[in-house]
Amino acid sequence: MTFSERLAAAIAKSGHTQKSLADAVGMAQSSVWKLLSGAKGSRKTVAIAKELGVDPDWLSSGLGEMCKNSSIKLRDGVPASKVVGSPIQAWDSSDPLGDDEVEIPFYKSIELAAGAGRSKNQDYNGFKLRFSRATLRRYGIAPSDTAAFTVHGDSMAPVIPNGSTVMVDRGRTNIVDGGIYFIEQDDLFRIKLLYRQSGGKLIIRSYNTSEFPDEITDIGSVKVIGRVFNSSVMFL
C-alpha cells in the first residue's frame with residue numbers, strides 16, 4: 001500500500017475522522033485530506049501514528065506490522081469531553097436553501113461498483129442532497145460539477161464499504177496517482193484507486209487487495225467521470 005492507503009486504513013480502524021485527527025495533531029483538516037489524496041508522507045508522521053495507535057515505521061514505509069507493540073491500543077470512540085452539542089434543525093425538500101447550501105443531484109439508481117463492475121441502469125431520478133457551499137469552495141469544487149452516487153460491493157472496504165454514498169467532482173478528470181475515481185470501463189461504472197504507469201498503462205486498485213487484486217489495463221480503455229472527494233455510509 002502507499003502512504004495514503006496506509007493512513008486511510010489506520011484512520012478507518014482508529015475511529016477518528018479527518019477533522020478529529022487534524023485537531024489531535026495540530027493540522028488543518030485540508031492537510032489531512034491532502035495526505036489521503038496521494039501524498040508520499042508527512043513531517044508529522046510520528047505524531048499521526050501515535051494518535052492512530054499504529055507503528056510509525058509501518059505508516060511511513062510499510063515495513064513491519066501496523067501495530068508492532070501489542071500494548072498499543074487502537075482508539076475506539078471519541079472522548080465525551082470533546083463532544084460539543086448543537087441544535088439540529090430538521091428540513092425537507094420543500095424548505096428553501098440556506099445561504100451556505102447547495103443541492104447536489106443524487107443518482108441513486110446508478111450504482112458504482114466496488115468490485116467487478118455494474119451495468120448502467122436508470123438515469124437521474126430527481127433525488128438531491130444538500131451540501132455546504134463553503135466546503136466546496138474551500139476545495140475548489142464547482143457545485144455544477146458535483147454529483148452523488150451509491151457504491152455497491154466491498155472491494156473498497158474498509159474505507160468505502162458497501163452501501164456508501166460518494167460525492168464526485170466531475171470537473172477533475174485528470175488522474176493523480178492514488179486518487180479515488182468514478183470510471184467507466186467496458187460499459188460498466190466503477191469506483192477505484194488509479195495509478196498511471198509507463199507505456200500508456202493504468203493500474204486499477206482496490207483497498208481490499210486481498211480479495212480484489214490489481215488490474216492493469218490500457219489507459220485509453222478507461223473513461224474518468226470524476227474524482228471522489230467525499231463519502232458517507234448508513235449502518236442499519
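User: Where does Asp186 lie?
Analyst: Asp186 lies in the loop between β6 (180-185) and β7 (188-197); strands here are DSSP runs of E with at least two residues, and helices are runs of H or I with at least four, numbered from the N terminus. This is a predicted model, so local features need pLDDT of at least 70 and side-chain atom pairs count only at pLDDT 80 or more, while totals for chains, interfaces and linings use all residues. Residues are numbered from 1 along each chain as its sequence is written, and side-chain values use heavy atoms, leaving out hydrogens and water.

User: What is phi of Asp186 near?
Analyst: Phi is near 55° for Asp186, a positive value in a residue other than glycine. Most residues other than glycine have a negative phi.

User: And is Asp186 buried or exposed?
Analyst: Asp186 counts as exposed because its relative accessibility is 64%. The cut-offs are under 20% relative accessible area for buried, over 50% for exposed, and partly exposed in between (1.4 Å probe, protein chains only).

User: New topic: which peptide bond is cis?
Analyst: The bond from Ala157 to Pro158 is cis, with omega near 5°. Pro158 sits in the loop between β4 (146-152) and β5 (165-169).

User: Now α1: how many of its residues are buried?
Analyst: Ten of the twelve residues in α1 are buried, among them Phe3, Leu7 and Ile11.

User: What follows α1?
Analyst: Gly15, with a positive phi near 90°.
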